[in-house]
Each structure stands twice: as structure tokens, then as C-alpha cells.
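Subject: Structure for your review

Dear colleague,

Please find below the sequence and structure that I am handing over to you. My notes on what was found follow directly after them.

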Amino acid sequence: MNVFQLVQDRFKQALSNIEGAEGAPAPLARSTRPEFGEYQFNGAMALAKILKQKPRDIAETIVEQVNLDDMADSLEIAGPGFINVKLRPEWLAAQVETALADPRLAIEKELAKKVVVDLSSPNLAKEMHVGHLRSTIIGDAVARVIEFLGHDVIRQNHMGDWGTQFGMLIAHLQDKLQASEVATTALSDLEDFYREAKIRFDDEQGFADRAREYVVKLQGGDAECKALWQQFIEVSIQHSEEVYEKLNVKLTNDDIMGESAYNPMLPGVVADLKEQGIVVEDQGAQVVFIEELANKDGEPSVFIVEKSGGGFLYSTTDLAAMKYRSFELDADRIIIFTDARQAYHFKQAEIVGRKGGLLREETTYEHGPFGMMLGKDGKPFKTRTGGTVKLADLLDEAVERAGKLLAERNSDLSADEQNEIARKVGIGAIKYADLSKNRTTDYIFDWDTMLSFEGDTAPYLQYAFARIQSIFRKAGINTEDFSANVVIAEAQEKALAMKLLQFVEVMNAVSQNLTPHVLCTYLYELASLFMTFYEACPILKDGVPEETKQSRLALSLLVSKTMKQGLDLLGIETMEKM
RNA sequence: GCGCCCGUAGCUCAGCUGGAUAGAGCAACGCCCUUCUAAGGCGUCGGUCGUAGGUUCGAAUCCUACCGGGUGCGCCA
């Protein structure tokens, strides 16, 4: 049940019955204040000009025509011609009952589309660092939401497992192995390993040449190089998987489709473009001139697809990935989460891909950009010594900090339980802090804010959830199959019910606009409304009539289920006690 | 130089396709625990929505210019 959609459809229907207003836009909005009801229709003012009537007169005509008798009280016209819709408490109560009885919370599945989500995509030459956090968790959350809405989501971890730096790395690895070290030991710290290799590359005579030679051999399919590369990749992937595990992100080996996988397709992609006649040779390289992105002087944008020496670039790989996803995976949507700096590149890629026939017309190509993670000082987030922060270390620190904060509070929970809670709170905090900000610009990473346990944070949401669970324990109800007659009498109950029914609207927004922060805001508002309700409307206290108690338990249960579902879609875990 | 993103309360951020007195959280201050987890609730304080024009019945939102910050612009990814 999508209330917004339902009300809007009724207004559309009404407009179609009004002479001259057929097909006019039906701007419905959520009301900003309770006295204006739950929704407001703002179409009358715009129609005034077209129909040459006073907006309030038009509003009256619309009110006469619109049929909302089953769900709303009489409509009010206010101000210049706003039409306020006040939903009837009994109708809301019935919707709450319906949602509570449905495992999907009365959210219908949409017509299934194939949606490719490109997320995380770490560079395997190094260990995952903070720069990979946003793509990983934003992508994971969006993928989960789209999946929940009924779509067929294909996750693609476009790992950077190919490129010139691997020559240097496998050369170094070969030496290590010959010194009878085991690969996993040698690669236990990828950052150190990379640094060592880089130093040799820069300083050691002959090493750089050997590294370059290895790149050529590797790309040429040399078995020995390939075997070394394979070992390196496997260990590095293992590191990534540990991070995904800690992060509670739904990414597995099956989702990996690294750059190397596209290697065999690259010549074909360039050939495709040549066939379409959009590639030209310029300064020895194969390039596409993009007139659509020309500057003021008419100079077209340049997109190189093959180097002058004959090698391919990341642009070529991205085009190959595009073709594979659109044609092989049959994607209706391709969604790519990378940092904002690559926005121009993907814009170029889409134009080239469409002209070059690498993207089916029906396939959308969407880039979900985001900014960098900055420290409290507004500069790129680094360790105290100025190094890159490893993601694994960051996550460990989050859990550790959460544990300390939890230990400061007296608790009757066992050590094991406390550790488990610290893990969920720490990881949840770090994810929520990031997910709750949409900015395509950079964002400030601040331990104190995200772990403060107060305000708009994961711990607050987890606390709200745990608090509701304790009510159910106390009431001794079975949350699996509880149902009750819902009666909405108080303002706090109505506000809460309305918020509950807007869950689907929020998920649609997340799916369409790739904005998980909308879901975060929603869950925070839901939790806040619950707390307000909880203070104002007693549930288990003495003197509460049985019907009221049952009704409020039902309301609380739907809040609990909605929060659990919402947090799960964000990849944030909940707990029964806190 | 050109392109893209951004500029909202002291700080961190919302504000959907233009709509009624611009919202949260933190910080500050004041209340509320013999009563369902006070990791909570209620309230107060706090904003020329970068600046100047324009479009509109109506602009934080759309258009133009400028100022300020970030980022990208041919063989790295």
C-alpha cells in the first residue's frame, strides 16, 4: 500500500474530470505541519492561469470531484488554494493492521527488473582503505533496497586486479617465494609489501625493467607470471573478504568480476567502435572525439580507448564492462558507485557506449558519485603519521571504542554479550555516519559524533529497537504472530501510524535516486516518533485499558518490524538487549 | 582557461518534481526518573539559505553573473 500514490491517483482522476485540466500535473506533497493534515495537493494554483479562474475556485472544483471518502475527512482549502488531506484515523489503523499481518509489511513487489550494481571495487594491489568504504556500504545498502523492492540485483565487484603495478608486485613476490617464504606470509601486510616493491622499483637496478617485462608477459598470458599473479590476487581477495565480513556487507566471491576478466574482450570493444566509425587515430592513439561534450570553442572532448603503443586503458575496460552488463547480463539498469572524481569519465563512457552500440537502448547507465572522507580538520583522512588508514584497522578501532563506551555503563550482560553488542554498535555507527549523508561532496569523519550514542546515530536507533523488544518481553507476547485491533486516538499515535505507512515511499526514493540517507532520516524520525509516543502513551502501566494496551502493542510491533527491516537494508544489525 | 559538484544555525547535516511561519542532531541553558531501558523525553536560545539580479501568484529550490571551496580536463585508475 503506497498511500502517497493512492492519494495522488485520486487527484489525477479528479483532474481528468475537469474541463481543461485533463492530464495536468498532480503535485501532491507531504504536509509540513500536522494542522495541514498528512498530505496537501498544490495543483490548483498552477491551473489558475490555464483555466483563467481564481485558484480557490479551482480548488473547490477539485474538492468536489476528488473521491477520498473512504480514507480522508472532508478536505480543507487553505491559503491561496492548498487542499489539505486529513487521513481518517480508522483508515490508518486498518492499514497498520494489514501491514502488521504481512511479512513484507504490505510493500508490494515491483515488476522485476535486472539491476547491475557495481560496488566496492577495491584495488587489489593494496589493502582496502577508507576510500573504499563509501562505495562498499552505499552500494550494499542500495542493492539491498532494490532487491527488497522485488528486483533481480546482480552485484559486480569490479576489482582492480590488472594493470601496470602488478608487474612490480609479482616480481617482488617471486623473489620472496624463492627465498622460501609462503605467499600468505609474504602478503600478510599488503601495504608493506607494496611499499617494499615500490622502493625496489625506484631504486634497485634492473628491477623496474623486470617489472615492466612481467606486465607484458602477464598480459600476454605467460603461465608462470599468471601463476604468480593468481597467488597474489587470491591473498588480496582474502583480505577483502575479511573486511566484508566485518562490515556485514553482502559481497561474495561470486560477485567478483575484476578488470582482468574483461581483458579478452578489449580488442573486440575497440573493433565495435571502429565498426560504428566513431574511433579515429590521433597522435598514434585510438580515440573517440565527443562532440556532445565540446567546449565553447567547439573542441570536442577526448576519450582514449587504445594507447599509441597498443595497450588498453581503464576506459576500454569500462566500455567492456558496460557491454557485458547490458548485453550478457541483460541489465535494465547499470548502477556504478565510485567517487565523484570519476563523474566526467562515466559521462563520456555513456555517450561513447550509446553511439558505439555497447549499451542497449533500454539500459540506463547511472553513476552514483560521492565525496572523499575527510578528517576532523577538513583534510583527507589519514593516520597520525600521515599514512593511509586501512579499512580493517578502522573497523577494529570502531568496535574497540564502542566496547570502551559500553563498559562505562553498568550492565548485567555477560562479557560475550557485551562484546557482541560492541561489535554491532561499532560497525553500525561507522556505517550509519556515512550512509546518513548524501553529499556528493566530501564528508567529515568524526569518531565522537558517530559514537556519541546521542542523537541521529546508529546506537540511538539500536537502542530504540532494543527498548521496544523489552516491552514485548515484559508483555509476554509472541512477536511472530501477534495481532490486535488498532485504535488511533492520540496525536502521537496518528503521527506514528502515518510515518509507518510511508516506509515504501522512502524505499522508492532510495531506489530511484540512489540515496540511502533518505532511509536513514526516515528511521531516525520513526525512532524519534516512537520515543515521543512512548512517553505520551503508556502501554503496560497500570490503568491502561486492555484494548488500548493491545492496540499500542500492535503499533509498537510494527515500529519494531519496520526498524528491523530498515536497518537490515542498511546493513546494520540490531540486538534484543542493549 | 573550460567542465562538474558544493556554499543553509557556532559545528555536522536534511530540505523530494518551486508552495504556507526554512528543519534535525551536537554544543549552550532550563525542566522531567518511588512509574514500561534517562543511551530517553519536553522546552529555550540560535539562520541576511555565499552575493547581486531575473522568472513566478509564490524561490533555499529554476535561470544569469560574480565571490568562495572542492574536483576533473589525451595515452594512471
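I begin with serine 326, which is in contact with Ala331, Ile334, Leu358, Leu359, Arg360 and Thr363, leaving aside its neighbours within four places in sequence. Please bear in mind throughout that this is a predicted model. Serine 326 belongs to helix α12, which covers residues 314–328. Its relative accessibility is 0%, and serine 326 therefore counts as buried, the limit being under 20%.

**Domains**

The domain assignment divides chain A into domain 1 (3–87), domain 2 (165–255) and domain 3 (391–570). The centres of domain 1 and domain 2, taken over C-alpha atoms, are separated by 64 Å.

**Helix α6**

Helix α6 is made up of 14 residues, 165–178, and it reaches 20 Å from its first C-alpha to its last, close to the 20 Å expected at 1.5 Å a residue. Is this helix enclosed or open to the outside? Ten of its 14 residues are buried, so α6 is largely enclosed by the rest of the structure. The buried residues are Phe166, Gly167, Met168, Leu169, Ile170, Ala171, His172, Leu173, Gln174 and Lys176. As for their partners, the buried residues of α6 pack against α7 (183–186), α8 (190–203), α9 (207–220) and α10 (223–247). Just after α6 comes serine 180, with a positive phi of about 55°.

**Cavities**

Rolling a probe the size of a water molecule over the atoms shows where empty space is left. Here the count comes to three cavities of 30 Å³ or more. The largest cavity holds about 110 Å³ of space. Its lining consists of Met1, Gln95, Ala99, Leu105, Ala106, Ile107, Leu500, Leu501, Phe503, Val504, Leu558 and Thr562. Two or more of these lining residues come from each of the helices α4 (89–100), α18 (491–501), α19 (503–513) and α21 (546–570). By class, the lining of the largest cavity has ten nonpolar residues, two polar ones and no charged ones.

The second largest cavity holds about 40 Å³. It is lined by Asn248, Arg423, Lys424, Ile427, Gly428, Gly571, Ile572 and Glu573. This lining divides into two nonpolar, three polar and three charged residues.

**Helix α21 and glycine 571**

Helix α21 gives residues to the lining of the largest cavity. At 1.5 Å a residue, its 25 residues should span 36 Å, and the end C-alpha atoms of α21 are 36 Å apart, which agrees. Just after α21 lies glycine 571, with a positive phi of about 80°. Glycine 571 is also one of the residues that line the second largest cavity.

How many residues apart in sequence are isoleucine 137 and glycine 571? They are 434 residues apart along the chain, while their C-alpha atoms are 7.8 Å apart in space. Isoleucine 137 sits in helix α5, residues 133–148. With a relative accessibility of 0%, isoleucine 137 counts as buried. Not counting residues up to four places away in sequence, isoleucine 137 touches Leu247, Val249, Lys431, Asp434 and Leu435.

**Two residues with a positive phi**

Most residues other than glycine have a negative phi, and most peptide bonds are trans. Asparagine 248 is not a glycine, yet its phi is positive, at about 60°. It lies in the loop between α10 and α11 (266–275). Asparagine 248 is partly exposed, with a relative accessible area of 25%.

Is leucine 514 buried or exposed? Its relative accessibility is 12%, and leucine 514 therefore counts as buried.

**Glycine 258**

Glycine 258 is found in the loop between α10 and α11. At 5% relative accessibility, glycine 258 counts as buried. Leaving aside its neighbours within four places in sequence, glycine 258 is in contact with Asn157, His158, Met159 and Asp161. Between glycine 258 and serine 452, which are 194 residues apart along the chain, the C-alpha separation is 38 Å.

Yours sincerely,

Your colleague

How values were computed:
Residues are numbered from 1 along each chain as its sequence is written. Chains are lettered from A and ligands numbered from 1 in the order in which they are written. This is a predicted model: local features need pLDDT of at least 70, side-chain atom pairs count only at pLDDT 80 or more; totals for chains, interfaces and linings use all residues. Side-chain values use heavy atoms; hydrogens and water are left out. Domain bounds come from an automatic or database domain assignment. On a 1 Å grid over the protein atoms alone, a cavity is a set of points where a 1.4 Å probe fits but cannot get out, and a pocket is an open set with protein on both sides within 12 Å along at least five of seven lines; lining residues have an atom within 4 Å of a point. Grid points are joined across faces, edges and corners, and a volume is the space filled by probe spheres set on the points. Helices (H or I, at least four residues) and strands (E, at least two) are DSSP runs, numbered from the N terminus. Ala, Val, Leu, Ile, Met, Phe, Trp, Tyr, Cys and Pro count as nonpolar, Asp, Glu, Lys and Arg as charged, and the others, Gly among them, as polar. The expected span of a helix is 1.5 Å times one less than its number of residues. Buried means under 20% relative accessible area, exposed over 50%, partly exposed in between (1.4 Å probe, protein chains only). Contact means heavy atoms within 4.5 Å.
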